[in-house]
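Visitor: I would like to learn how to read a few features of a model. Please give the general idea each time, then the case at hand.

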Amino acid sequence: MDFSTQLDLFLRSRFTLIVVVSTEERRIIAEVKKLCEEKDRGCLSWDIADGFKPVACWKGTPPTAGDPKAALEVIEKYEKDAVFVLKDFHEVWKQMPIMKRKLKNVAHGLDFTRKSIIVTCPSNQIPEELKDEAV
């Protein structure tokens with residue numbers, strides 16, 4: 001199964017936390033963008049350097065969040081269907097262990113919504129606390 005098909009299946013199945021292990025971040029973002037545009041689903045990316053940036057079908061000004069905790073709180077409180085791509089979030093959970101718990105709590109809170117978090121990272125270093133929560 002190719003990446004796009006698998007990602008579409010995960011999003012339609014309402015998985016709330018998806019970890020994509022790849023060094024090809026731009027390719028991942030392009031595939032997410034294409035899929036979100038096909039489904040008319042809003043998508044934002046977030047990274048520690050630039051905060052939230054629109055990826056696809058985002059209406060209005062993106063929210064602001066300068067730190068990882070604020071970014072997760074924005075995702076938690078956002079009321080519409082959306083996909084949130086967290087770039088290099090593996091660095092955050094290594095440096096700030098409390099963020100593993102916050103990410104897990106937010107992912108649990110997204111159950112029964114049409115919101116998903118996609119974490120991009122270059123290597124398979126998913127913390128033990130998140131392995132059973134993520135696909």
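Guide: Helices (H or I, at least four residues) and strands (E, at least two) are DSSP runs, numbered from the N terminus. Arg41 sits in the loop between helix 2 (25-39) and strand 2. Residues are numbered from 1 along each chain as its sequence is written, and side-chain values use heavy atoms, with hydrogens and water left out. This is a predicted model: local features need pLDDT of at least 70, and side-chain atom pairs count only at pLDDT 80 or more, while totals for chains, interfaces and linings use all residues.

Visitor: Which side chain of opposite charge is nearest to Arg41?

Guide: Lys and Arg count as positive and Asp and Glu as negative; His and the chain ends are not counted. A salt bridge is a side-chain nitrogen of Lys or Arg within 4 Å of a carboxyl oxygen of Asp or Glu. Buried means under 20% relative accessible area, exposed over 50%, partly exposed in between (1.4 Å probe, protein chains only). Arg41 is buried but has no salt bridge; the nearest side chain of opposite charge is Asp81, 5.7 Å away.

Visitor: Which backbone oxygen does the side chain of Arg41 reach?

Guide: A polar contact is a pair of N or O atoms within 3.5 Å; within protein, one must be able to donate a hydrogen and the other to accept it, and residues adjacent in sequence count only if both atoms are side-chain atoms. The side chain of Arg41 reaches the backbone oxygen of Arg114 at 2.5 Å.

Visitor: How are aromatic rings read?

Guide: A pair of aromatic rings is described by the distance of the centres and the angle of the planes. Rings of Phe, Tyr and Trp (its six-membered ring) pair if their centres lie within 6.5 Å; planes under 30 degrees apart count as stacked, over 60 as edge-to-face and the rest as tilted. This rule gives six aromatic pairs. For Trp58 and Phe84 the centres are 6.5 Å apart and the planes at 70°, so the pair is edge-to-face. Both Trp58 and Phe84 are buried. The rings of Tyr78 and Phe84 are also edge-to-face, because their centres are 5.9 Å apart and their planes at 80°. Ring pairs link Phe52, Trp58, Tyr78 and Phe84 into a cluster.

Visitor: Which residues of helix 3 are buried?

Guide: They are Pro68, Ala71, Leu72, Val74 and Ile75. Seen down the axis of helix 3, the buried residues fall within an arc of 155° (taken from the directions from the helix axis to the C-beta atoms), so they line one face of the helix.
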